Each structure stands twice: as structure tokens, then as C-alpha cells.
Amino acid sequence: MRIVVQAKPFDLGAEANDFAKGVAGAGAVVTFTGIVRDTAQRDLEVMEIEHYPGMTERALTTIAEEAMARWSLADCLVIHRYGRLQAADPIMMVATAARHRADAFAAAEFLMDYLKSRAPFWKKEITQSGADWVAARDEDEAALKRW
Amino acid sequence: MIDVLYFAWLRERIGVPREKVETDAATVQDLIAELSAREERYALAFSDLASLRVAVDQELADFDAPLAGVREVAFFPPMTGG
């Protein structure tokens, strides 16, 4: 299990390859990557991600430990960036490894659902017309109920 | 003495990321009442608790959580990671 909270970019391909090499007996590896979104309507200049050093690592570790136990994962990886990001930059990734794909997919979705609403990160979007904190969505909180 | 931390728009409204607060507040709710009575900027920031979350010693907690022995309380809006 590896939890990384960092300002610098990460190499999605290198991380996915390293993760897969380390779990040769697992059979199934699932990765998910979150990317800074932009739309033509708003011209995003910068996305600033704030976090709560200390609590962030603790919350991610707790979530990852639960996923490891619940789906008997061979391994899992969570990388999340903070600081100033541009459109199309990778924000975060999760990877899960299990004997079969159903467990790897389910664990990745669980990690994402919990990470969105229970890990202390906040996004602020800076556009040409101003800066706004991204509001939490009711659907994200509701998504936790399925677990 | 408790370290009180603020994040995201709450930090911007209160104007500091963290401060030490001398308090005998028994619960998080009591601490909020103390801060809100202190200055208008706190009262405004804490006016809608439904839009806020709290962590006590880096664990998510309820507003009625006790503060005995607690070192750090953090207030912030709902999280938007991922």
C-alpha cells in the first residue's frame, strides 16, 4: 500500500507500470486518473488544490486500509497532488490489484468515492472572470451509501 | 490552548490559516459560540453550520464532540478532492 500527497506532477504511465510489476501474482490491476477539466465556456487558468497536511495522509491511509481488507487486495496506490494545476494536468490516481477484476474495479470505485468526500482537499478554480471554490456535490456524498 | 485551523473559503473569510485559542469550551459547538461572540468575521463565517465540517485532532467529528484533551480543531467546507 502506498499513499503519496505531493505538489509535483506524477508520471501516470511509470506509476501504473511500477505498480503492476510489483503485484505479479494478482491477475487484475485497475487504475483511475482524475484530470483537471476545462470547458470552452469558462477558460480555466489555474486550479488550486488546498489540503490539510497530516490529516490528508491519515484519511487516505484509513480509506486505503479499508479497501485492502474489504477486497483482499494484493496492493493499492493513491497519489494526490496539491498546489497550482493547469487544465489537462493529472490531479490524482488510484490503482488497485486483486486476483480478479471485479474486486479491483470495486475497490477502485470505493477509493474514489471515499477520497472525494472524506479526504481533506479543496479545489479552487481561477478563470478569467474570477476565482471560485468548487462546491461539493450531493451525489458525491450519496455515493458513499452504496458501500 | 487549542490550535484552530481553517481551510478553503473559511480560511479566506476569517483571514488566518490557523491560530491558538485560549478556551474552556467543552464542545466544538461551544468553541464556535465563543469565536462567533468575539468578532463579526467569525459570526459570519460560522453562520451556516450545515455548510461546514469539523475535524478534531485530524479525525472528522460532529459539532457536539467534546474538546477535553484535544490539541487541534479544524473547520472547513465539504471536501472536494479527486
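**Close-up 1. The contact between chain B and chain A in the predicted model.** In this predicted model, chain A contributes 25 residues to the contact and chain B contributes 21 residues. The two chains bury about 1,900 Å² between them, with 55% of that area on carbon and sulfur atoms. On the side of chain B, Met79(B), Thr80(B) and Gly82(B) lose the most area to chain A, together accounting for 37% of what that side buries.

**Close-up 2. Salt bridges and polar contacts across the interface of chain B and chain A.** Three salt bridges are found across this interface; one of them joins Arg58(A) to Glu59(B), whose closest N and O atoms are 2.9 Å apart. Between chain B and chain A, 14 residue pairs are in polar contact. The elements of chain B that give two or more residues to the side touching chain A are strands S1 (2-6), S4 (59-61) and S5 (72-76) together with helix H1 (8-14), and H1(B) gives the most, with four residues. By class, that side of chain B has 12 nonpolar, five charged and four polar residues.

**Close-up 3. Strand S5(B) and the strands that pair with S5(B).** S5(B) is mostly covered, five of its five residues being buried: Glu72(B), Ala74(B) and Phe76(B) point one way from the strand, whereas Val73(B) and Phe75(B) point the other way. In a regular strand the side chains alternate between the two faces of the sheet. S1(B) pairs with S5(B) in the parallel sense over four bridges, and there Val4(B) has Val73(B) as its bridge partner. Strand S3 (residues 53-56) of chain B pairs with S5(B) in the antiparallel sense, also over four bridges, and Arg53(B) stands opposite Phe76(B).

Notes
Residues numbered from 1 in each chain as written. Chains lettered and ligands numbered in written order. Predicted model: local features only at pLDDT ≥ 70, side-chain atom pairs only at ≥ 80, totals over all residues. Heavy atoms only, no water. Contact = heavy atoms within 4.5 Å. Buried area = accessible area lost by both parts, 1.4 Å probe. Salt bridge = Lys/Arg side-chain N within 4 Å of Asp/Glu carboxyl O. Polar contact = N/O pair within 3.5 Å; in protein donor to acceptor, adjacent residues only side chain to side chain. Nonpolar A, V, L, I, M, F, W, Y, C, P; charged D, E, K, R; others polar. Buried < 20%, exposed > 50% of the residue type's maximum accessible area, 1.4 Å probe, protein only. Pairing = 2+ DSSP bridges.
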